[in-house]
Amino acid sequence: MNWFQDLLQNPALTDALPEAFVETLVMVGVAGVFTLAIGLALGIILHVTAPGGLRPVPWLHAILSSVIVNITRSIPYAILMVALIPFTAWLIGTSIGPIAACVSLTIGTAPFFARLVETSLREVPSGTVDAARVMGSTRGQIVRKVLLPEAMPGLVASTTTTLVMLVGYSAMAGLIGGGGLGRLAYNYGYQRFDTAVMISTIIIMVILVQLIQWIGDRIVRAVDHR
Amino acid sequence: MISIRGLRKVYRQGDREVVALDGIDLTVPTGAVHGIIGHSGAGKSTLVRCLTLLDRPTSGSVSIDGSDLATAADRDLLQARRRIGMVFQHANLLDSRTVLGNVAYPLEVTGQDKAARTARARELISLVGLEDYENSYPSQLSGGQRQRVGIARALASDPRVLLCDEPTSALDPATTDGILELIRDLSDRLGLTVVVITHEMHVVKKICTSVSLLDRGRIVEGGGLTEVASSLGSRLSSALLPLPEAALDSGGQLVEVLGHGAAADVPVSAVIRDRFGHGVRVLAGSVEDLAGVRFAHHLLALPEGAAHGPGGVDEVVSFLQQNGYRAAQRTRTQVETAQGTAQDLGGAQ
């Protein structure tokens, strides 16, 4: 039981790890809320303004589309988060800490989520939307009462994917001052060769991701009436 | 009453113009069940989209009970659309809502309070015979049940007009008849004007009081069901009263005869024998009741050589015409064309 007592006396695990875990939760939680809100709005705008959409605005659609593609496809998150440090410092006064990390996390994942939202909305059959239009629905009613509820299983699945991605990104953000499990694993596990911390971090990350996926799948099943 | 005047719809496809509707004129009186039949590509879908203003017509007018839809402003359009109930081929229900939620949807968008719309939706659900299913989701229903929900939903806004776009094309024959009877019954009970768009003559025979044939964006034939059925040689008549395949290579002169009402109850070959003393061969025949009138349609073969003179084709044809039949001499090609038309419009047996 010697190794077990070692674990319990390791301050990296007893003190630093709970704190890091909370920081990770804060990053995923706060960035998650912003990502979902901004991404959902962007995704709806993308879908509605697309050619053949409810209110086609080709130039707006083209601009949003290319901005999103460029942020999500061309710029790796590791570079984006560093490049955004001055912007973060200007926006919230500091570039250190979990809250500061949320800025780059949101900017990195919201476009990704927006694209997933757009794809989910596009899967609602055009006949269903036609039916709603024939019944005299306004565009707002079609979005609120038809597109979003009909696309709900896809939207929930997209949310799950996005939150899992945020867990991964938050670990990266930890390296440049965000804190959380990513920094813990780097500082202790990598730089101090503390294998116990490294393994504990991995286990916690795996459990966290599994938990998000499990809850997400449960909700999808509950809302899917297709 | 629905009144369509000079309705045109031109689509742009690249730098090419495609005329989907080429000047449709049509009046459907209140309470009528009017069928619009045509094969695919005739412009049926475009006509539906123009009638519901999902697409704006290029020119022309569509008015329902006197108010013009085609020129309505966007705001009035929402109101105007609510006067048309529409039934879709695939029902197009909201999968995320129960039967009750689907039927209540049109009332929700007009801002009725929850108690009122639930009560009204329940009423409609029992009208289409789905009382036990109000909490079911569409995916738990059969195709016929889904279409009943679609019909109940179409009636929720108390429309004056029910527009049915291929309402039974996705259903099996037994379910089809159930749905058609329901539409007919609702039209009688609620005094609805119904327009049924279809490619199946069966649908027209079953419920329509009048019919139009749509071909290449134009209405080429049309009128009351008995009127079009009795116009011998027309495309609608050939499709409404199709003849079974007949062996045409046995020689002889071909005569097509159509009798309706009293004339349909007398065997036409016996009438000819009584008058001319020689029999005729019946190559094909069918007897059908359309809109309560009996029609007898026959293809007769007179002996070879009996072209003119007593008992010849000319005499037989004019004798039949004088006795209340529609009759005409036919070539083999004409008979084959008519059979092709019947097949084309889904009326072949």
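Reply: Chain B holds 12 helices and 14 strands; helices here are DSSP runs of H or I with at least four residues, strands are runs of E with at least two, and both are numbered from the N terminus. Please keep in mind that this is a predicted model, where local features need pLDDT of at least 70 and side-chain atom pairs count only at pLDDT 80 or more, while totals for chains, interfaces and linings use all residues. Residues are numbered from 1 along each chain as its sequence is written, and chains are lettered from A and ligands numbered from 1 in the order in which they are written.

The C-alpha trace of chain B spans about 80 × 50 × 35 Å along its principal axes. Of the 349 residues in chain B, 44% are buried (20 or more other C-beta atoms within 10 Å of the residue's own; exposed means 12 or fewer, partly exposed in between, with C-beta atoms placed from the backbone). Taking contacts in chain B between residues at least 6 apart in sequence, 68% join residues at least 24 apart; a contact means that two C-beta atoms, placed from the backbone, lie within 7 Å.

Now to the parts. Chain B is divided into domain 1 (2-229) and domain 2 (236-344), with bounds from an automatic or database domain assignment. Their centres, taken over C-alpha atoms, are 38 Å apart. Where the two domains touch, domain 1 of chain B supplies 11 residues and domain 2 of chain B supplies 11 residues. On the domain 1 side, helix 7 (201-207), strand 9 (210-215) and helix 8 (225-229) of chain B each bring at least two residues, and helix 8 of chain B gives the most, with 4 residues. That side divides into 6 nonpolar, 3 polar and 2 charged residues (nonpolar: Ala, Val, Leu, Ile, Met, Phe, Trp, Tyr, Cys and Pro; charged: Asp, Glu, Lys and Arg; polar: the others, Gly among them).

As for the core, the largest nonpolar core has 151 residues, and V103(B) and V195(B) touch the most other members. Such a core is a set of buried Ala, Val, Leu, Ile, Met, Phe, Trp, Tyr and Cys residues joined through C-beta atoms within 7 Å. Helix 6 (residues 98-122) of chain A gives the most to this core, with 13 residues. Both domain 1 (2-229) and domain 2 (236-344) of chain B give residues to this core, so it lies between them. Look around V195(B) and you will find, not counting residues up to four places away in sequence, that V195(B) touches I2(B), V28(B), H34(B), I36(B), V161(B), L163(B) and C164(B).
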